[in-house]
Amino acid sequence: MFVVDTQIHIWKEETPDRPWVPGARERIRLNGHREDPFSYEEALELMDEAGVNRALILPPSWEGDRIDYALEACEAHPDRFGIMARIPQNKPEEGKAMLADFAQNPHVKGTRLTFHRPQDRNWMIDGTNDWYWPIAEELGIPTMVHAPIWKRELGEIAAKHPELKIIIDHMGIMARCVDDAIGYWVQETADLAAHPNIYVKVSALPGYSTQPFPNNNIQQYVREMVDRMGPQRCFYGTDITRLLGHGITYTDTIEQFTKHWDFTPEELEWIMGRGISEVLNWPIEG
């Protein structure tokens, strides 16, 4: 089975020449990420151990909008890494120039937008991000979106820009919701299944359960998402640096789907790698 992780962060240590955004370290702790750097070499070791063929690098928000380290990883291992790049969402002219460059860069498979932090939460509804959608659609740039509270608005964007591929992070669950509290957010996201250009990452799942691995109490919500969206539109992912400090291994995140939960071989083929590879036009070789 070909396995693609749809979300990892890699980063270097904070230095005067490589500063983090203000308040970033506190936010890392709040969200459960480890603080130590996570290199692409370490990521590769864990991927090889678990049998992960590829990973999509989402440059972390604490480093701002830079993607230089992600590009270094892709240049060293183009068959193993791709980038969902950050852009300055509130700087249209700079963002437009970057999108034009990204469309020509084989390492950049798409972008990732965030609307969940205090500084960017309202950018989807106050006009700040309006410039982005038509250009991304025109350039054919798939877009991952972390916007738990703006589901109706995402549906409207999807309807207005039917050629734009929108991939919702983490089943659209609000941060720090766990156990049955995720049900509301999952249902709200699944209701967007009517839009054929909306996809969902069934990602970072152990973090949404307080029960021991394999977190069987949330399987019903993952099952609901797959049933509503179809396995072709649901994509495995880890956000692995949020899990390593909680005793969850990379292999665990795969076996959660393949050994512990009730998915058919055909569903697993799509969920674990085929679906995202087709959406990003990144063919599976062999």
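## Second largest pocket

The second largest pocket holds about 280 Å³ of space. A pocket here is an open set of points on a 1 Å grid over the protein atoms alone, where a 1.4 Å probe fits, with protein on both sides within 12 Å along at least five of seven lines. Its volume is the space filled by probe spheres set on the points, which are joined across faces, edges and corners.

This is a predicted model, so local features need pLDDT of at least 70 and side-chain atom pairs pLDDT 80 or more, while totals for chains, interfaces and linings use all residues. Residues are numbered from 1 along each chain, and side-chain values use heavy atoms, without hydrogens or water.

## Largest pocket

Turning to the largest pocket, its volume is about 720 Å³.

## Nonpolar cores

The largest nonpolar core has 83 residues, among which F81 and F257 touch the most other members. Such a core is a set of buried (under 20% relative accessible area, 1.4 Å probe, protein chains only) Ala, Val, Leu, Ile, Met, Phe, Trp, Tyr and Cys residues joined through side-chain atoms within 4.5 Å.

A second, separate core of twelve residues includes V4, Y199, I276 and W282.

How values were computed
Buried < 20%, exposed > 50% of the residue type's maximum accessible area, 1.4 Å probe, protein only. 1 Å grid on protein atoms, 1.4 Å probe; cavity = no way out; pocket = protein on both sides within 12 Å on 5 of 7 lines; lining within 4 Å.
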